[in-house]
Amino acid sequence: METDDINSITVLGAGNMGHGIAEVAALAGYDVRMRDINQEFVQSGYDDIEWSLNKLAEKDQISQEDADAALDRVTPLVDIEESVSDTDVIIEAVPEKMEIKEDVYAEVSEHAPDQAIFATNTSSLSITDLSEFTDHPEQFCGMHFFNPPVRMQLVEVISGEHTDEATLDVIEELAEEFGKTPVRVHRDSPGFIVNRILVPLMNEACWLVHEGEATIEEVDSTTKYGMGLPMGSFELGDQVGNDVSYHVLEYMHDVLGDAYEPCPLLAEKVENEELGKKTGKGFYDYE
Ligand code: CAA
C-alpha cells in the first residue's frame, strides 16, 4: 500500500490521544472514523475536536472554513464493524492495558480488510507482543503521538520484530502527510525514546516532592526556567494524564528494573482519580 491509496482512517479510542489523532488526520484531509465503546465517550471526543478546531480558527492558525470541513470529515461511531470495514489504516489509542488491547484487536481482526495497516499509539508497551494479537503482525507497528497531538510535532514510528519495511514506510509517510516529523525507533524497548527520558523525569520530580526536598511549584519553576521545557514537570504530568505516566512507569519498572519504581505520590494521584486536566484535578486544580 502507498499513502496515495489511503482514503479512510479509523481511530480506535476517542480519549485525549484518540480524538487528537482523529483531528490531525481530518485536518490533513482524510475521512476519519473515530470509535469508542459508548455514545457518551465518542461524543465527548467529538466535542473536544470541535473545541480544538474552533480554538485554532479563533487564533487564525487555520480558517473557520477549514475547521468546519475537518469536523465534517470525522464520523463518530460505536459499532466496531462499521468502524473498521473498508478502512485503509487503523490507529489504536485505547487504554494502556494489554488485556483491553488484546480484546479490541480480536474484534478488529474479525472485521478489518486483510490489507489494512494497523498502528498503535501505545506509550510504552511492546509492539512485538501487541502485533501477535493481530492476524497480520507484519502490517503492524507503533505510531506514537504526543499530547496534544494537534500541537506536537513529533511522531515515533516504532518497529516490532515482525513489522515489515513497507508498513513502516507507509506510516512514516502518513505522519508526514499529517504535517508531523516522524522519527524511526528501531528497538522495541519500554517507553521507546521519548517516554524513556520524559516519564522518569516526571517520576523523579514526584520523588523530590514526596521526600520533602522541594514543593511542586519549586520543581515546576526549575523545569520551566532552568531546563527550558515549555511546561513544569507537574503541569506536564497533568497534561499527559497521571494514569498514563503511572502505567508507563509500572511497565518500565517490570521490564527494566527498580530505577523506574513509580513514586507513591503519583500512585496516590491515580488512586484518588486526580488524573490531571481530564478530571479537573491533578497536581493542580483546573475547575
Ligand atoms: N487544541 C487547540 N488549542 C489548544 C489545545 C488543543 N488541543 N491545547 C491547548 N490549546 C490552547 C490553550 O487553550 C491555550 O489557549 P488560550 O491562549 O486561548 O488560553 C493555548 O493553546 C496555550 O497556548 P500557549 O500559547 O499558552 O502555549 P503554547 O502554544 O506555547 O504551547 C503547548 C502549548 C504546545 C501545549 C506547550 O505548552 C508544550 O509544548 N507543552 C509540552 C507538551 C509535551 O511535552 N507533550 C508531550 C508529553 S509526553 C506524551 O504525550 C507521550 C506519552 O505517551 C505520555
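A: Helix α2 (residues 39-58) lies across β2 (31-35) and β3 and runs at about 160 degrees to β3. Contact here requires C-beta atoms, placed from the backbone, within 7 Å; axes are lines fitted to C-alpha atoms, for helices over the stretch in contact, and angles run from 0 to 180 degrees between N-to-C directions. Helices (H or I, at least four residues) and strands (E, at least two) are DSSP runs, numbered from the N terminus.

The model is predicted: local features need pLDDT of at least 70, side-chain atom pairs count only at pLDDT 80 or more, and totals for chains, interfaces and linings use all residues. Residues are numbered from 1 along each chain as its sequence is written.

The open sheet has eight strands in the order β3-β2-β1-β4-β5-β6-β7-β8, with mixed pairing, where two strands pair if DSSP finds at least two bridges between them. β3 (74-77) and β8 (181-185) stand at the edges with a single partner strand each, so one side of each lacks a neighbour in the sheet. The twist averages 25 degrees from one strand to the next.

Within this order, strand β6 (residues 140-144) has five of its five residues buried, that is, with 20 or more other C-beta atoms within 10 Å of their own C-beta, placed from the backbone. Phe140, Gly142 and His144 point one way from β6, and Cys141 and Met143 the other way. Strand β5 (residues 117-120) pairs with β6 in the parallel sense over three bridges, and Ala119 stands opposite Cys141. Strand β7 (residues 154-158) pairs with β6 in the antiparallel sense over three bridges; Gly142 stands opposite Ile158, and Met143 opposite Val157.

Key. A residue is buried if 20 or more other C-beta atoms lie within 10 Å of its own, exposed if 12 or fewer, and partly exposed in between; C-beta atoms are placed from the backbone. Two residues are in contact if their C-beta atoms, placed from the backbone, lie within 7 Å.
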